[in-house]
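Please open the model in a viewer and keep the sequence panel at hand.

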Amino acid sequence: MAEDDVFTFRDAKPTPDIYHVYDGSLKGNNAPALVLDHGSYQYRVGWAVDPNPKLTFRNLMAKLRKEKGKSDVEVLVGNDIANFEAVRFQLKSPFDRDVITQIDTVETVFDYAFSHLGIDTEGSINHPVVLTEAVCNPSPARQFMNELLFECYQVPAVSVGIDALFSLQHNYSKPCVDLPTSLVVRLGYQTTHILPIIGGKCDPQGIRRINLGGLQMISYLHRLLQLKYPSHLSSVTFSRAEELIHDYGYIAEDYLEELGKWADGDFYDTNVRKIQLPFTPAPTAAETSLNLEQQQQRRKENVKRLVEINAKKREERLALDEERLETLQIIQHQLAEVDDALAVKLLRQAEITDEHHLEQEIQNIQDRVSRTRQKMAAAAANQNEEGEPKKPTETAEFQEWLEGIRKQRTEILSRRRERQQRRQELTKRKSAAAQERMRILSMLAKSGGTGPGKKKEDTFGMKDEDWDIYKAVSKDGGGSDSEAEQEKLNDLESALKRYDPNFKNYSGASSNVGEGGSGGFIPTAEFYQLHIGTERIRAPELFFQPSFIGSHQAGISETIDYVVKLYDSETQLRLVNNVFVTGGCANIPGLLPRLKKDLLSMRPFESPFNVNIAADPAGDAWKGARDFARVAPSSAYLSRSEYQEFGAHYFAEHHASNRRFALTKQ
């Protein structure tokens, strides 16, 4: 890689799934089976007659409130979630370490899948279902799925099988025949499984699980980057860490040797990946001066627009108040001419309790109308007074005018420095400003109750007098620099830049005094770059050294060695002669050489072994289930009658399924 090569994040957004057509070829007595690859990372759905799944989406759900405080909830599933980071804390997965624990989420995902397949039959899904599950799936999880499919969707039959065995079957043998003797390594999103296949079926006694998968690998990289770049915490998101793993991660054949290579400067420069974060460069002095008039014009337009909006709102409020005032005055005149019953009715229609309340309401509205008219007159008089000060024509007047501009600017900057100093004083507990604020707050706290054990309703802020209290509390804090003051300062400095040639010599005090300026540091594009070096191998190495995250589990190679040594030497030789790797994480480059190197060191001298990776590690589970659905006999399915007879925990056993054990009463 050239030293000047800089990459950017794709930040790819999912494309919403289309609604497919449910045509006549999919209906009838010979309706094809539905194939569901229920993975913990991606969900794949399709028909047994299709070469590829119709739908592939993330197996996640998010419930969002449309408006705060209201009960309306919007449910998003899979590719309908446009931005995962925006709803990261609302995301919900059906799985916990490959075990289904959220059955309501599963039902929502099923609804999404069936509706996008176009199935429109009323009250039932008239297709047998082939479903993938994890190895050694607990009986309660399978019971949830059977109850959901048979009771909610009224499917005619269900067959469940292990995803890794369906993938093995698709790569090595024909459907519905004995599986070849092999050692299957399934690298999943939440867990990793080692499955020995002996005598055509999976041996449950030799299965081992590692509670580590792609999720932990991405989380580890995310944490490394946040520690390395603490100033870019908001930019280094979980989704971007996942993208880095997919695009730049690889597994080192020898981890320590590879780390030694990264210590070499030339190797680092060649293999480091520079990722540019979003960055907007600061405008140069020339650009600032060129755009100064444009900025002033834009500011004037914004001020004018705000004045127009406020004037329109005042006119609307004035019209409503005048209409209300006229109505109440008519009622006041009619009260003397009608009987008491009709008077009460008129007052109730106007939401008035009695005549005293009516007089008070009329007086309040009259005062409000008067204040509104005064504000409108003041706004009309002052709307042309804003903007940059105008230059006088006479020389003497010009010098006096220029000195006045300098003085106004100095006063504004002085006030800002004083406010900043008072804000700093407030952070000191024993300062006079902090003590005065605490005194006022304690007085407010004492006036909050009306007696022992009683609480007064909090109405602070509803009266005009409350604003005086708030200003008293905030006075010593100095408040904040207002936008109006900043605009005034900008106008003054604009005039000085134009008419005062010595302005740059005495303008050491910046307009940003008190606003936490950058202290002379101007960020550049390089400051917003991530340099991905040893992180490229550290995160994937987690599969072989879980101790990186404090886990006491063994890695993949050690677990393979442990499982193989559970059997006699002849069986060991047959197992290692066909080590089959599947699962989405098997796509990481360098996995095959690393496994071969580790097996070479573990096996006896000159002992043969063979390692293969699935043709499509992520998608072969669905394809194997599809092949199975095309030729599977009825005995490989749990029918509705068997479900009703044996119960929801029951399932039909076949060569690619889990083993069924009789339930014993405790």
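Helices (H or I, at least four residues) and strands (E, at least two) are taken as DSSP runs and numbered from the N terminus. The model is predicted, so local features need pLDDT of at least 70 and side-chain atom pairs count only at pLDDT 80 or more, whereas totals for chains, interfaces and linings use all residues. Residues are numbered from 1 along each chain as its sequence is written, and side-chain values use heavy atoms, with hydrogens and water left out.

**First stop: a loop between two strands**

Select S40, which is found in the loop between β2 (34-38) and β3 (42-47). Is S40 buried or exposed? The residue counts as buried, because its relative accessibility is 8%; the classes are buried under 20% relative accessible area, exposed over 50% and partly exposed in between (1.4 Å probe, protein chains only).

**Second stop: salt bridges**

The structure holds 21 salt bridges, each defined as a side-chain nitrogen of Lys or Arg within 4 Å of a carboxyl oxygen of Asp or Glu. Select E243 and R10, whose side chains meet in one of them at 4.0 Å, N to O. E243 lies in helix α5 (residues 238-248) and R10 in the loop between β1 (6-8) and β2, so this pair ties together parts that are 233 residues apart in sequence. E243 is buried, with a relative accessible area of 10%, whereas R10 counts as exposed at 52% relative accessibility.

Move on to D254 and K597, which form a salt bridge with their closest N and O atoms 3.9 Å apart. Because D254 lies in the loop between α5 and α6 (255-262) and K597 in helix α20 (residues 591-602), the pair ties together parts 343 residues apart in sequence. D254 is partly exposed, with a relative accessible area of 29%, and K597 is partly exposed as well, with 32%.

Stay on helix α20 and select R594, together with E541. The closest N and O atoms of this salt bridge are 2.8 Å apart. R594 lies in helix α20 and E541 in the loop between α17 (535-538) and α18 (556-564), so the pair ties together parts that are 53 residues apart in sequence. R594 counts as buried at 8% relative accessibility, and E541 counts as buried at 1%.

Select K313, R317, R371 and K375, which gather in a patch of positive charge on the surface. Such a patch is made of residues with over 30% relative accessible area and no salt bridge, like charges being joined within 9 Å. The elements that give two or more residues to the positive patch are α9 (292-334) and α11 (355-382). K313 lies in helix α9 and is partly exposed, with a relative accessible area of 44%.

**Last stop: cysteines**

How many disulfides does a search of the whole structure find? The search finds zero, a disulfide being a pair of cysteine sulfur atoms within 2.5 Å. Select C136, which is in no disulfide; the nearest cysteine sulfur, that of C202, is 6.9 Å away. C136 counts as partly exposed at 47% relative accessibility. Then select C585, which counts as buried at 11% relative accessibility.

Terms used
Patches are made of residues with over 30% relative accessible area and no salt bridge: like charges are joined within 9 Å, nonpolar side chains (Val, Leu, Ile, Met, Phe, Trp, Tyr) within 5 Å. Accessible areas come from the Shrake-Rupley method with a 1.4 Å probe; for residues, only the protein chains shown count as cover. Lys and Arg count as positive and Asp and Glu as negative; His and the chain ends are not counted. The place of a charge is taken as NZ of Lys, CZ of Arg, CG of Asp or CD of Glu.
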